[in-house]
Amino acid sequence: MVFDILTENNLCEYYSYEKTPGPSLRFVSQETYSFLDEPSVKKKVLTFDSDSFCRIQFYIPTIHCISCIWLLENLQRLKKGILKSEVNFSRKQVTIDYKPSENTLGEVARMLASLGYPPTINLEANSPKPNSNHSLITKLAIAGFAFGNIMLLSFPEYLGLDGSDQKLKVLFSFLNFGLTLPVIIYSGQDYFINAWKSFKQKQINIDVPIAVGLATLFLRSSYDIFLQTGPGYLDSFSGLVFFLLIGRWFQSKTYESLAFDRDYKSYFPLAIQKWTGADWLPVIVYELNVGDRIKVLHREIIPSDSLLLSDDAFVDYSFVTGESKPVKTKRNDLIYAGGRLLGQSVEMIVEKKTSQSHLTSLWNNEIFQKTEESKHTKIIDQAARAFTWAVLALAFVTAMYWYFFNPSQMWLVLTSVLMVACPCALALAAPFTYGNMLRVFGKNGFYLKNADVIERLAKIDTVVFDKTGTITLGASDVKFIGILEKEELGWVKALTLSSSHPLSKLISQSIKNHTIYPVQNYQEFVGKGIDGVINVHNVRVGSPSFVGYFGENSSMSTRVFVAIDQEVRGYFQVETAIRSNIKELVTLLGHKCVALLSGDHANEEKRMREIFPVHIELKFDQNPHDKMDYISDLQKNGKYVAMLGDGLNDSGALKQSQVGIAVTDDTGIFTPACDGILHGSKMNLLNSFLNLSKSATRILKIAFGISFFYNIIALSFAVTGNLSPLVAAILMPMSSVSVVGFSTLAVSWVSRGLVHTNSN
């Protein structure tokens, strides 16, 4: 049946990847997964559900090879209505986007089952627990048992018994051969399978030289035993597999202890307004619990799946689907995490606890990736492949030399060369160095999209700041100049409460009127102001031109004008406060800091000049396009730019820059295209973060040097015949240990100053 499906859809190249790709399911009934079409079940298992787009994440334990990945990522060619599918091989998960108008959830599950990949569905906990290392430990135990007993049975050779015991020596040799069979068939099978698949894909990976070395030892030992020309090297072979598996086990445990999935262990500085019973207070999103009542403002990210309490809301799901067209939702509708609210503020009840790893995966959506991404991963992969080919060539040349010089030592020397030369350390250097630094940044309030951003941060030579919400925070004084009745002040408070702009928040906080009026037809115009209808009256708050004021406006303070029913009624005079330590930060950045871009009037230029020296350009009345164009001009002049803004009026500039950093305090605001989120209280550490990024690249280069130095020294002993395969197998994981240990300790060492500064 599977063959028929693949043939009909021109997918028979699947069989070129794997001969036995999965279990046989001769018949999958229509009722098998019909329970998934029940609304209550769909609500539990779907990660996103709408009339035009659905997303489901299935756990599929039968995923085991490259052919599985290939087929499961081509489901859109098998069934109409499947939009995209992605496989997480390590977690054995497949994420599928599909159109509910063309497929039901049950049909998607039945399709997977009919292909030999039945999904495992747990309605109580949809995400499976991480797989244990049970299989690896079993293989390790068998290899260790065989190694110990082969060493014991080889005592005639070790003791140098004479020819009168020849029959005993032959018997023990065959017993050793029998003990070796489960080692090569089971314990060492992964190396041979991976090497074979590598050849079939016309690629070379680290398992190729290991498999060649193991095969060489086993075949030569078998030849000696059956032709009775010697006892062979089965003790070295079994010991080799045993120590290789110990190295693999250590590597897996190290990855578990240094998990960089950035879930609860990382600091995600996004906050949301939560009702405490007396007032709305900001809380960090991962502190939300099921049943909490939250308020989401315009352009804030919805942190968790929640039920809408307000009458209606417009939600931008571009984080999830890539489509920016707003979706209208009604009271009691379920709104999914990752949506961005558009329009007036709404209240919600949390249905699921916030998952930071889920928010991070949405943030890492390939739709928002910049064209200029780091190439270090590809470079390392290429280097590892080149290294493997070089090792194979060196092994061949060495074997030829020993064949003519001392044939009896050729196999041992060849095996030693193949064992000791391992690019594992080379491949581990980058993820562990950058991964550790990523964790250090997260613990200190700087949350990066991925480890690649660290490499780009190290190249930054130009820093540009936004003003409002970035340089300034809060207000030392807010007062209204003009004529507004108490009820009208309540209207202004209601309107500004719906906005997440820093000035709107300052104005709403300054108005003590506790009567909250419903806002209709709320609109926010980027860089201009906000507009809405309250009690049948049009209320506008924003810049002079936005509300229709064209008179004199030469005050040194920030002014936010108010118009009701097209009549200008006055303005709020806002004395914004400047973040502490900003002047010190600008001094530390030196000539890296080149400009301040602000959408506000130039009336604050004198105050900003007290912070920024004369060589720094101050540009006011900048709209979002002006900011983006300014960044672009810097890049055309060869600058590598970091832009810091609040993610409201400068999202274009954040995306345009090589590294865009969204500064946040107590809001859930950031743009999908930004590369990092920096808590406002940690802005004074920006220069330290830049320096640490440079330190990370230096640590990575030193780790590469350690790896190459180790291989050069070890190979020099191996090619001269002074290194046994068994010792080589012990040394191979030691190289990985040394690189992982060095990168971990080095990152901790260079970051100790940052931790001390943060504690102060």
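Helix α5 (residues 134–153) packs against helix α7 (residues 166–187) at an angle of about 165°, and their axes are 9 Å apart. That makes α5 roughly antiparallel to α7, a term for angles over 145 degrees. The model is predicted: local features need pLDDT of at least 70, side-chain atom pairs count only at pLDDT 80 or more, and totals for chains, interfaces and linings use all residues. Residues are numbered from 1 along each chain as its sequence is written, and side-chain values use heavy atoms, without hydrogens and water.

The crossing of α5 and α7 is left-handed, that is, the near helix is turned anticlockwise from the far one by less than a right angle. Residues of α5 in the contact (heavy atoms within 4.5 Å) include Ile142, Phe145 and Ile150. Among those they meet in α7 are Phe172, Leu179 and Tyr186.

The second largest pocket holds about 1,000 Å³ of space. Its lining has 36 residues, and the closest to the pocket centre are Trp280, Lys295, Ser345, Leu497 and Ile516. Among the elements that each supply at least two lining residues are β5 (271–275), β13 (346–350) and α18 (502–510). Helix α17 gives the most to this lining, with four residues.

The table gives the residue classes in both places.

Definitions and conventions:
Axes are lines fitted to C-alpha atoms, for helices over the stretch in contact, and angles run from 0 to 180 degrees between N-to-C directions. Angles under 35 degrees count as roughly parallel, over 145 as roughly antiparallel, 65 to 115 as roughly perpendicular and the rest as oblique. On a 1 Å grid over the protein atoms alone, a cavity is a set of points where a 1.4 Å probe fits but cannot get out, and a pocket is an open set with protein on both sides within 12 Å along at least five of seven lines; lining residues have an atom within 4 Å of a point. Grid points are joined across faces, edges and corners, and a volume is the space filled by probe spheres set on the points.
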